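The exercises below concern helix packing and ligand contacts. Each task is followed by a worked solution.

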Amino acid sequence: MSKDALENANFYFDSAAKILGLSHDVSVQLKTPHRQVKVECTIQKDDGTIGTYVGYRVQHDNARGPFKGGLRYHYEVDDQEVTALAQLMTWKTSVVGVPFGGGKGGINVDTSKLSESELSQLTRKFVDGIYEVIGPTTDIPAPDMYTNAQTMAWIFDQYAKYRGYAPGVVTGKPVELGGSLGRAAATGRGCLFACQNLLEATGGTLAGKRVAIQGFGNVGSWAARLFAAEGAKIVGVADLSGGYVNEAGIDVEDAIAYVAQHRTLAGWSGADRIDGSAILVTDCDILIPAALGGVLTKENAGDVAAKVIVEGANGPTTPQADEIFAKKGVHVIPDIYANAGGVTVSYFEWAQNMQHFYWEEEKVNEELRRVMKNAFGALWHETKSRNISMRMAAYVVGVGRVHRATALRGV
Ligand code: NAD
C-alpha cells in the first residue's frame, strides 16, 4: 500500500519531468529526500505496560523555504508512505506559491487504542526524538490524519522545553496558543474554492450539484458544511464505520454533531447505510475523497459516476484510475492543488506567529480565496496550452518552480 504511494508519487513526478524536459540527473536530485528520520517512541501506558511505536519525519525539499507538512498517526504509516507524502508537499507548496518546501511525519499507531494522556506522552516522545531537526525556520509540522489542534499544542509545549517560546514551530494550533482563525476549515474551504474555480472555467455552478464525500474528519466534514452552504446537496458521506446516503440530502450539522459525540457515524440514523467503499461509486456529480490514499483504482474507476473529483485526500487516485478518468472526461482536481488550502492557511498562521500580529477570520478566508484563484489560473493555463490533465499541469507548475529555485541556489 505505502510502497504503491511512493511509486505513484514518483510516476506523476517522472511524467511531469518528461514534459518539462528535465535531465535524469536533475530528476534524481529533485526526487531524493533531503533527510529521513526514524525514532523510537516508548511510553508507559495507563495500565502500567510499555508501548513502543516508531515515528518518522521525512524532509523532502527546502529549495523554496523551510520544510512543511503534516503529521499522521495511523497503523499503516511507514517510511515509504511518509516519503511519498513529503514529496507531494514539495510540489503542493510550490503550486500555491507559499514560501515553504515539503516534509511529512507520522507515527505507526492505532490512536483508537490509546487514551488522551497516552497520546500526549507519545507526541512528546516523538518531539524528544526530532526537536533538533524541526523549528520555525527549519521544518514546521501540522495536523494530518488522526492528529489535531491538541496534538499541535503538545508539540508546541514540548518543543518550548528545549528551545523556548516558538509558536511558529507548528501550525494548526489551537487559537489560544497562536493558531489562526480559519485554519480548521481551511482544507475543506480550499476544496470548495478549487471546485468553484473549475466550475467557473467550464461554465458550471455548484448550486444543486450532488456531492458524495469519503472521510468525515477535518477535511470531509468541513467540505460537507461549506459545499452545502453554497447550495450543493450532500447525498452521501462515509467514514471508517461505513457509508451513509440520503438522496434528499443529508443534514450535515446533525452528522457533525453526532460524530463529535460518538467519534464516528456508526449508528447515525440520518441516512441509509451502505458499504463504506460504495460511496466512491454512488450516484453523484462531485466526488470528494477525503480519507486515505490509493482508494480510486483501476477496479472501481470505471464505475465512478461523478464528473468532477476533488482530491481532498492526499494520493487518492492511482495512475491507472487517473487514465480511466481522463478517457471518461472526468475532471480530476489534483491533491497538490485541491487540498492546498490547509498548507496555505498554515502559512498565514506561521506568518502571524513570526510577526506576533493576528488577522481577522475574514482576511484569512479572502487571502485563501485569492491564493487558490491565482494558483488555478496558472494551472488552467498549462492544462489548456499543453493539452494535459489538471494533475500534470499542477506538477508542471509545482516541479518547474522548485527546479528553478534549486538551479538558482546551485549545487
Ligand atoms: P481526520 O483524521 O480528521 O479524518 C479522517 C477521516 O477518514 C475520518 O472520518 C475517518 O473515519 C475516515 N476514514 C479513515 N479510514 C477510512 C476508510 N477506510 N474509509 C472511509 N473513511 C475512512 O483526517 P483529515 O485531516 O481530515 O485528513 C483526511 C485526508 O486529507 C488525508 O488524506 C490527509 O492527508 C488529507 N489532508 C488533510 C489536511 C488537513 O489540513 N487536515 C490537509 C491536506 C490534506
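**Exercise 1. Ligand contacts**

How far from an oxygen atom of the ligand does a polar side-chain atom of Arg 183 lie? Then describe the ligand surroundings and the backbone contacts.

Solution. The model is a predicted one.
- Step 1. The distance from the polar side-chain atom of Arg 183 to the ligand oxygen is 3.3 Å. A polar contact is a pair of N or O atoms within 3.5 Å.
- Step 2. Backbone atoms take part too: a polar backbone atom of Ala 291 is 2.6 Å from a ligand oxygen atom, and for a backbone N or O atom of Gly 312 the distance to an oxygen atom of the ligand is 3.4 Å.
- Step 3. The ligand is surrounded by 22 residues, and Asp 144, Tyr 146, Thr 187, Ala 291 and Asn 314 are the closest.

**Exercise 2. Helices α11 and α12**

At what angle do the axes of α11 and α12 cross? Classify the pair and list the residues in contact.

Solution. 
- Step 1. Helix α11 covers residues 341-355 and helix α12 residues 361-386; their axes come within 10 Å and cross at roughly 130 degrees.
- Step 2. Because of that angle, α11 is oblique to α12.
- Step 3. The crossing of α11 and α12 is right-handed.
- Step 4. On the α11 side the contact is made by Gly 341, Thr 344, Val 345, Phe 348 and Gln 352, and on the α12 side by Val 364, Glu 367, Leu 368, Val 371 and Met 372.
- Step 5. Sorted by class, these residues are six nonpolar, three polar and one charged.

**Exercise 3. Helices α12 and α13**

Which residues of α12 meet α13?

Solution. 
- Step 1. Helix α13 spans residues 390-409; α12 packs with α13 at an angle of about 115 degrees, and the axes are 8 Å apart.
- Step 2. α12 and α13 cross in a right-handed sense.
- Step 3. From α12 come Phe 376, Ala 378, Leu 379, Trp 380, Glu 382, Thr 383 and Arg 386, which meet Met 390, Ala 393, Ala 394, Val 396, Val 397 and Arg 401 of α13.
- Step 4. The division by class is nine nonpolar, one polar and three charged.

**Exercise 4. Helices α1 and α2**

Is the crossing of α1 and α2 left-handed or right-handed? Find the contact residues and their classes.

Solution. 
- Step 1. Helix α1 (residues 2-20) passes helix α2 (residues 24-31) with axes that come within 11 Å and cross at roughly 145 degrees.
- Step 2. This crossing of α1 and α2 is right-handed.
- Step 3. α1 contributes Asn 10, Phe 13, Asp 14 and Ala 17 to the contact, and α2 contributes Ser 27, Leu 30 and Lys 31.
- Step 4. The contact has three nonpolar, two polar and two charged residues.

How values were computed. Residues numbered from 1 in each chain as written. Predicted model: local features only at pLDDT ≥ 70, side-chain atom pairs only at ≥ 80, totals over all residues. Heavy atoms only, no water. Axes fitted to C-alpha atoms, helices over the stretch in contact; angles between N-to-C directions. Helix = DSSP H or I, 4+ residues; strand = E, 2+ residues; numbered from the N terminus. Parallel < 35°, antiparallel > 145°, perpendicular 65-115°, else oblique. Left-handed = near helix turned anticlockwise from the far one by under 90°. Contact = heavy atoms within 4.5 Å. Nonpolar A, V, L, I, M, F, W, Y, C, P; charged D, E, K, R; others polar. Near = heavy atom within 4 Å. Polar contact = N/O pair within 3.5 Å; in protein donor to acceptor, adjacent residues only side chain to side chain.
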